Amino acid sequence: MHQKTPEIYSVELSGTKDIVKTDKGDGKEKYRGLKNNCLELKKKNHKEEFQKELHLDDHKLSNRELEEKYGTDIIMGLSSTRAAELLARDGPNSLTPPKQTPEIVKFLKQMVGGFSILLWVGAFLCWIAYGIQYSSDKSASLNNVYLGCVLGLVVILTGIFAYYQEAKSTNIMSSFNKMIPQQALVIRDSEKKTIPSEQLVVGDIVEVKGGDQIPADIRVLSSQGCRVDNSSLTGESEPQPRSSEFTHENPLETKNICFYSTTCLEVSTSPVGTVTGMVINTGDRTIIGHIASLASGVGNEKTPIAIEIEHFVHIVAGVAVSIGILFFIIAVSLKYRVLDSIIFLIGIIVANVPEGLLATVTVTLSLTAKRMAKKNCLVKNLEAVETLGSTSIICSDKTGTLTQNRMTVAHLWFDNQIFVADTSEDHSNQVFDQSSRTWASLSKIITLCNRVEFKPGQENVPIMKKAVIGDASETALLKFSEVILGDVMEIRKRNRKVAEIPFNSTNKFQLSIHETDDPHDKRLLMVMKGAPERILEKCSTIMINGEEHPLDKSTAKTFHTAYMELGGLGERVLGFCHLYLPADEFPETYSFDIDAMNFPTSSLCFVGLLSMLDPPRSTVPDAVTKCRSAGIKVIMVTGDHPITAKAIAKSVGIISANSETVEDIAHRLNIAVEQVNKQDAKAAVVTGMELKDMSSEQLDEILANYQEIVFARTSPQQKLIIVEGCQRQDAVVAVTGDGVNDSPALKKADIGIAMGIAGSDAAKNAADMVLLDDNFASIITGVEEGRLIFDNLKKTIAYTLTKNIAELCPFLIYIIVGLPLPIGTITILFIDLGTDIIPSIALAYEKAESDIMNRKPRHKKKDRLVNQPLAVYSYLHIGLMQALGAFLVYFTVYAQEGFLPCTLMNLRVEWEKDYVNDLEDSYGQEWTKYQREYLEWTGYTAFFVGILVQQIADLIIRKTRRNSIFQQGLFRNKVIWVGIASQIIIGLILSYGLGSVTALSFTMLRAQYWFVAVPHAILIWVYDEVRKLFIRLYPGSWWDKNMYY
Amino acid sequence: MVIQKEKKSCGQVVEEWKEFVWNPRTHQFMGRTGTSWAFILLFYLVFYGFLTAMFTLTMWVMLQTVSDHTPKYQDRLAIPGLMIRPKTENLDVIVNVSDTESWYQHVQKLNKFLEPYNDSIQAQKNDVCRPGRYYEQPDNGVLNYPKRACQFNRTQLGNCSGIGDPTHYGYSTGQPCVFIKMNRVINFYAGANQSMNVTCAGKRDEDAENLGNFVMFPANGNIDLMYFPYYGKKFHVNYTQPLVAVKFLNVTPNVEVNVECRINAANIATDDERDKFAGRVAFKLRINKT
């Protein structure tokens, strides 16, 4: 019976081999791929979960055997005590949420990540320096201890800040996780009880109504006309019938098992209106639970922006450490004491590390995340904000993502003509010819031969959004007729139903008999719909332009052509016919017996065909075009049938109008598929079955060679393999999906995008981003924002790096030339964490310089966030200019107080001696230590102001990288001016407000010193304008290559 | 899933480096071709040349704003500091009477320091001024240059002058002389037209006890007004700074004594909290005798 293959984990295990033998239809193929893929997965990582096995043979057992197996009774249910025992044993019936990193680990990561290590080193060096001082002189000043503490504090504060930002964005998500607790109707102690579905245990007998979610994996015991929506599990948009019969060896295919979290769409109201089933698996042991665990087994990869930031941290840390060590060696060889050399080292590290930058990046990302949330893109993981911008391949699920996930009337065929129906979300624009009398007859059949109704109490809901209980195609027909004809219920009331035969799979038709609404016409109208070929068989005439014509060979041929054409579009086609029963034979009082069929069911009049499909969302084609022009390849990956998938792909533009697949070419040229030159085909449709036999090299080849690809009938594991294949092409892959079957791929993708409304919780959990409005077009917004943030982060980093040189030079000059220290470590921290923070955030509000949606996505290995030109231009061009400007202010202050530049050279040693209280300046005046110290602080303040003034210019030039500032508009980004104002205000407060606090080493600076660096600031602006001008004038030139960052 | 890191072998890394340093195919040295290097070097030559010129220019403009003779601002020098000679590490005057070397360096420093005060030099270079009033030499529209300075003769320092002194300013006998001087500040009218003097005392009571008696030269530690104002190094070429010598006669030996000297002048505050040397000087005196 059940075949044990212990080395394999897979959901369809039991009877895998049997399926291979028994499978006929392609519909069953999708699960076969699982086996091989699982083996492949297993080879790659020996995760325990993959070795778990699913024993599922309950579908083969009889009711009695089931009762025995689970120790339950179908009529009485479990006893409460037994249920409690089982609950204690198995745990609640809910999916274990994915393992979360403990908060403390997240927090500690922030403490040691990025520049933190470097700053910790600085702090420890400070304490070591104090230790050395203390050992030689017990009264050593505590300055170094304080500085160490400040550095530690900086790390901790920025760490807390980043942690808080992360936590905040995660919190938005947690609201999603709180699901409304579901209730289940269960029989226990022979009583019907409503309990939360978490408390279900195996062996429970549950009753499910139409519209309910299946509360666990259940084996159907009794049901009538039950259909379930498995789309979230398999991607099939068509409802699947369920009954108590064992129909297939494969538990996923058999009709007598319903799966946890799928929806029961309808149940026949007679005799009981419920499905009774026995719970056979709960919680993580359900099929859904297994797929979810497959998703959690997939490791998260670093986001592209995280890689970029790491790269940037490496560059900066590399510069800091190498300059630090170089100057440590120089200092030691210049006969400085080791203690002094250590202090230099601290200064160099602090000057080199942009302490505030990582916090700024976090803020910038969360600002974008907020902006995107407003546009219905909810970002779970902050770093994912940028990922969408660098995305080069989008693997999109079909059902629910590209399509509306509801059957809709797409085409009509009557009067020998195919009409197109409006399939947009609101059906508002039905343009086909409604004047024909054939249409009048057809519409009557559509309206009357339909059993579904709107749920009551929805008067104000738009028609297309009204809830309906019942079959998807009937629903589609109901809504279609309601939109065109108005109140369907009213029409049905006027045409009282006399008798009906509901749809069943043997008849393949549905029939009902009505009185007509014409009071003078005493005839009864019989209307019928069903599989087109069955309907045609029953017809002898066909209605054309309202006239009945005999059904001859030529009309039958046109019918077949139309049927094939619509079927070829992947649509589900229904035929409609009617017959007016002669009034004399069938008076109003005639008693119809639906079992005996005491009425004619042949020689009817064929009226028309109607085809339905799950139509694409109206915004999708446009979005796909935009993706194309943005250089993003859109690939469809679906569990649905290839024909449907291809039809949808064509209608949304994933396969563009003029491109053909190999099969298309073969069909057009009437040659065998093998003979077609594969180079001619732009598009490819690959099924899961084909995929299963492919090596990864072949998959790579397909992904690389075809521009337009559709994968159909794929299993969750195959989706994973496709995503990996794309990632092997060095692509940044986005996966969109809503179903549970998408969740492993969502997790594996560089960015997983789940649908917020239609999406299952498993999908939302695995995703990095949630589209709140389920609108594929929101992805475009995401791409745009992501690209913009990448550009703007470049600007922010360039802005922040620039001043590092201006902060670093003082220490180098101090060591080599022996000037009194131009800027203190604390002052540097005030720039990095004070004046520069708001301006660098303000750059995040900068508008794009050109149409960012018309360029290719960045290459994740070539287009770096921090590239060589950026570092060189910031450090060696603008940074150096800034340093010179700041030195000018510094020299001015000293010169005007009495120390001319030439006097300052090599003054350091005497200057810093505590006991030298009569140091002579350039004019012969003598200075005490404290007087000098105050002057030194004034120098710090002056240097600080010098950097500040030039950072304003730096901020303005960083608004653009290529365009002139005047093209970009100096005042368009108001936040920049807020940044500049904040810079100046903080500077003023530090100098004039806190000037008297000695520990901060700021002094009140004379007003005119604020303007000394202005010429240098202007020079910076002019120089950058010249740079940009040459870049625009000579694209691709030497200048462009070296100066464009 | 599995993070596939492309591990490069050591050889590959070396190879890549080699290719980076010199790529024979593209003739690239460190990632650039010869012309590219030439361009970049030329560019930086020009660019840095320009920056240097710009900086020099702005510095030159800035230096035009300061005068040769007097600094633009003197706000930090409102209170002149006091300082002692000999200038010792941490201002500790330690005299081991028996160990000549311990104090002889001080003596040498003092000899050198007092040389310009020799009467012969003073008489040759400086004027005899009227005591008790400032020796003002205003410019009156025309640069009055160089300015004259008043004599401060070494003999005014009496027993501490060191002239023909076998005790070497008292260092050999454990009665050392310490010289107090006030920091020069341009155009500072010390004392505000009233006489001023320097006084010394032990910092705490026990210091006062251990300090014992001392004598000051000139008497009372007076500093005459005629040495002010100071007109700066350029103008006041031969300016001789007035001194006050303190000779400690019987300091308790083998004890560290904290001495504080301050100036008593109408316009010099000596109680600045932060600047411990504003108008005062504190030093440690220790006479080691066996």
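**Disulfides, interface and a buried asparagine**

Q: Are C160(B) and C177(B) buried or exposed?
A: Burial is judged by relative accessible area with a 1.4 Å probe on protein chains only: under 20% is buried, over 50% exposed, and in between partly exposed. By that rule C160(B) and C177(B) are both buried.

Q: What kind of model is this?
A: Residues are numbered from 1 along each chain as its sequence is written, while chains are lettered from A and ligands numbered from 1 in the order in which they are written. Side-chain values use heavy atoms, leaving out hydrogens and water; local features need pLDDT of at least 70, side-chain atom pairs count only at pLDDT 80 or more, and totals for chains, interfaces and linings use all residues, as the model is predicted.

Q: Which hand does the disulfide of C160(B) and C177(B) have?
A: The sulfur atoms of C160(B) and C177(B) are 1.9 Å apart, and a disulfide is called for cysteine sulfur atoms within 2.5 Å. The torsion about their S-S bond is about -80°, so the link is left-handed.

Q: What pattern do the disulfides of chain B follow?
A: Over all chains, the structure holds three disulfides. One of them joins C129(B) and C150(B), with sulfur atoms 2.0 Å apart. Counting bonded cysteines along chain B, the pattern is 1-2, 3-4, 5-6.

Q: How many residues of chain B are in contact with chain A?
A: Contact is taken as heavy atoms within 4.5 Å. On the chain A side, 57 residues take part, and on the chain B side the number is 55.

Q: What area is buried between chain A and chain B?
A: Buried area is the accessible area (1.4 Å probe) lost when two parts are put together, summed over both. Carbon and sulfur atoms give 60% of the total, which is about 4,800 Å².

Q: How many salt bridges does the rule find across the interface of chain A and chain B?
A: The rule asks for a side-chain nitrogen of Lys or Arg within 4 Å of a carboxyl oxygen of Asp or Glu. E926(A) and R184(B) meet this way, at 3.8 Å from N to O. Across the interface of chain A and chain B, the number of salt bridges is eight.

Q: Which residue's backbone oxygen lies 3.0 Å from a polar atom of the side chain of N256(A)?
A: N256(A) is in the loop between β6 and β7 of chain A, and counts as buried at 0% relative accessibility. Beyond its neighbours within four places in sequence, the contacts of N256(A) include I218(A), R219(A) and S243(A). The backbone oxygen in question belongs to H59(A).

Note on methods. Helices (H or I, at least four residues) and strands (E, at least two) are DSSP runs, numbered from the N terminus. A polar contact is a pair of N or O atoms within 3.5 Å; within protein, one must be able to donate a hydrogen and the other to accept it, and residues adjacent in sequence count only if both atoms are side-chain atoms.
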